[in-house]
Amino acid sequence: AISGSPLRDAFQKDGLTGRVIGGHEAQQNSWKWQVSLQIAYADSPTFYSHICGGTLIGSKWVMTAAHCLSMPPGATYRVALGEHSLLNVDGTEYYIGVDRVFIHDGWNPYDIANGYDIALLLLSSPAYDNGFVELGMLPPEGVILPNNYPCYITGWGLVSAGGSSADRLQEVMLPVVDHEICSQSNWWGSQAKVTMICAGGDGVRSGCSGDSGGPLSCYRDNHWEVHGIVSFGLVPYCNTYQKPTVFTRVSAYVDWIYSTTTNNGGL
């Protein structure tokens, strides 16, 4: 069986990442809820490097993938908000530390296809609107998007297998592949769960390493909603035909998100 691999860079200390495959540079600060999750290791506690994406869903809350948080001893996390170029000072970005991490109880790091690849980060201080930062809206509980629904993946992940590095936020439209198709044996088979969303699979466009944890943003009922969290794909050949990028389906976890945030100070 072809197994999925988390779409997170192996810990690269150079801080360079690539980008969404088959996409293009996003218009600066057009995805205002996208954040960069960054880690500093115990041996160089002031040097932060991008490891994953995330979505700002409350003034003190960021939603990301559980597999992004391997938490090596002594490591610290922060999020970059209003970010565009990871290497240059855009003048729009600012950084907030992560106070606490809440990983879904169902998550099993040894079986990513089991699902539950979702985590919430409680920030050490509230995010603020500097004109370049906005909250991502959650979909209603249980909403399922139809086959071929156009959504956008954004991130700082790899641009090609083994790829070149680029530092500006990328975007690409990925059409939703409904569960009935994605769970067929020549697609993702039993690894695709109903609590996931598949999108892409055309052999050209996909998410890849470094995009993990970031949003799948879909325009619905006249507003943008974050329907997915980048979870896994076929690494390193991320844009393999009939192996779409797989996302945690946010609408399956809305109750968990609200209960976790409510029990810890609210959204």
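Tutor: Gladly! Cys 68 is buried, because its relative accessible area is 0%; buried means under 20% relative accessible area, exposed over 50%, and partly exposed in between, with a 1.4 Å probe and protein chains only. Before going further, note that this is a predicted model, in which local features need pLDDT of at least 70, side-chain atom pairs count only at pLDDT 80 or more, and totals for chains, interfaces and linings use all residues. Residues are numbered from 1 along each chain as its sequence is written, and side-chain values use heavy atoms, with hydrogens and water left out.

Student: Which residue forms a disulfide with Cys 68?

Tutor: A disulfide is a covalent bond between the sulfur atoms of two cysteines. Here a pair of cysteine sulfur atoms within 2.5 Å counts as one. Cys 68 is bonded to Cys 52, with the sulfur atoms 2.1 Å apart. The torsion about their S-S bond is about -90°, so this disulfide is left-handed. Cys 52 sits in strand E4 and Cys 68 in the loop between E5 and E6, so the bond ties together parts that are 16 residues apart in sequence. Helices (H or I, at least four residues) and strands (E, at least two) are DSSP runs, numbered from the N terminus.

Student: How many disulfides does a search of the whole structure find?

Tutor: The search finds 4. Counting bonded cysteines along the chain, their pattern is 1-2, 3-7, 4-5, 6-8. One of them joins Cys 151 to Cys 218; with 110° about the S-S bond, this link is right-handed. Cys 151 lies in strand E9 (residues 150-155) and Cys 218 in strand E12, 67 residues apart. Another joins Cys 182 to Cys 198, and its torsion of about -85° makes that disulfide left-handed.

Student: How do I read strand pairing, say for E12 and E13?

Tutor: Two strands pair if DSSP finds at least two bridges between them. E12 (residues 215-220) and E13 pair in the antiparallel sense over 6 bridges. The hairpin has 2 residues between the strands, and Asp 221 takes a positive phi near 50°. E13 also pairs in the antiparallel sense with strand E14 (residues 245-249), over 4 bridges, where Val 230 stands opposite Phe 247.

Student: Which strands close into a barrel?

Tutor: Follow the order E3-E4-E5-E8-E7-E6: these 6 strands close into a barrel with antiparallel pairing. Within it, E3 (residues 34-40) and E6 (residues 76-81) pair over 5 bridges, and Ala 40 stands opposite Thr 76. Helix H2 (residues 254-262) packs on the sheet, touching E4, E5, E7 and E8; contact means heavy atoms within 4.5 Å.

Student: And which residues touch the most other members of the largest nonpolar core?

Tutor: In soluble globular proteins, nonpolar side chains tend to be buried together. A nonpolar core is a set of buried Ala, Val, Leu, Ile, Met, Phe, Trp, Tyr and Cys residues joined through side-chain atoms within 4.5 Å. The largest core has 57 residues, and Leu 37, Met 63, Val 79, Leu 81 and Ile 257 touch the most other members. Strand E8 (residues 119-123) gives the most to this core, with 5 residues. A second, separate core of 14 residues includes Val 172, Leu 174, Ala 199 and Val 230.

Definitions and conventions. Axes are lines fitted to C-alpha atoms, for helices over the stretch in contact, and angles run from 0 to 180 degrees between N-to-C directions.
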